[in-house]
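Subject: Structure for you to look over, with notes

Dear colleague,

Please find below the structure I promised to hand over, followed by what was found in it. I would be glad if you kept the model open while you read the notes.

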Amino acid sequence: MFKIGEFSRIARVSARLLRFYDEIGLLTPAHADPQTGYRYYTVTQLANLNRILVMKDLGFDLDQMREMLRS
């Protein structure tokens, strides 16, 4: 598992964007430490993030992305 900073560097997105996606329920971390609040992501979540970024580039809004990821 990767801490948010490591994951953001690998994915080439900001940690702020990952926090935002977590807040709106678009990309929830695999684990969040209840004591520290640290967010942890897995390698497989990179694929989901890449899908989100592609949909964003194609002009889909957040609600549309959420629906597409659920199906």
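Before the first finding, a word on angles: those under 35 degrees count as roughly parallel, those over 145 as roughly antiparallel, those from 65 to 115 as roughly perpendicular, and the rest as oblique. This is a predicted model, in which local features need pLDDT of at least 70 and side-chain atom pairs count only at pLDDT 80 or more, while totals for chains, interfaces and linings use all residues. Residues are numbered from 1 along each chain as its sequence is written, and side-chain values use heavy atoms, with hydrogens and water left out.

Helix 2 against helix 3

Two packed helices are described by the angle between their axes and the distance between the axes. Here helix 2 and helix 3 pack at an angle of about 95°, with 13 Å between their axes (axes are lines fitted to C-alpha atoms, for helices over the stretch in contact, and angles run from 0 to 180 degrees between N-to-C directions). The two helices, helix 2 and helix 3, are therefore roughly perpendicular to each other. Helix 2 contributes L17, L18 and Y21 to the contact, and helix 3 contributes L49, I52, L53 and K56, where contact means heavy atoms within 4.5 Å. Sorted by class, this contact has 6 nonpolar, no polar and 1 charged residues (Ala, Val, Leu, Ile, Met, Phe, Trp, Tyr, Cys and Pro count as nonpolar, Asp, Glu, Lys and Arg as charged, and the others, Gly among them, as polar). Helices and strands are DSSP runs numbered from the N terminus, with helices being H or I of at least four residues and strands being E of at least two.

The nonpolar core

A nonpolar core is a set of buried Ala, Val, Leu, Ile, Met, Phe, Trp, Tyr and Cys residues joined through side-chain atoms within 4.5 Å, and buried means under 20% relative accessible area, exposed over 50%, and partly exposed in between, with a 1.4 Å probe and protein chains only. The largest such core has 16 residues, and those with the most contacts inside it are F7, L18, Y21, L27 and L49. Two or more residues of this core come from each of helix 1 (4–11), helix 2 (15–23) and helix 3 (45–57).

F7, in helix 1, counts as buried because its relative accessibility is 1%. Not counting residues up to four places away in sequence, F7 touches F2, L18, L27, Y41, T42, Q45, L46 and L49. L27 sits in the loop between helix 2 and strand 2 (31–32), and with a relative accessible area of 3% L27 is buried as well. Leaving aside neighbours within four places in sequence, the contacts of L27 include Y21, D22, N48 and I52.

L46 belongs to helix 3 and, at 18% relative accessibility, counts as buried. Beyond four places in sequence, L46 is in contact with F7, I10 and A11; the C-alpha atoms of L46 and A11 are 6.9 Å apart, although 35 residues separate the two in sequence.

Polar contacts

A polar contact is a pair of N or O atoms within 3.5 Å; within protein, one must be able to donate a hydrogen and the other to accept it, and residues adjacent in sequence count only if both atoms are side-chain atoms. Which side chain does the side chain of R39 meet in a polar contact? The partner of R39 is D22, at 2.8 Å, and R39 itself is found in strand 3 (residues 39–41). Q45 lies in helix 3 and counts as buried at 9% relative accessibility, and a polar atom of the Q45 side chain lies 2.7 Å from the backbone oxygen of T28.

Two exposed residues

S71, in the segment after helix 4 (62–70), is exposed with a relative accessible area of 79%, and its side chain reaches the backbone oxygen of M68 at 3.1 Å. R12, in the loop between helix 1 and helix 2, is exposed with a relative accessible area of 78%, and its phi is near 60°, a positive value in a residue other than glycine.

With best wishes
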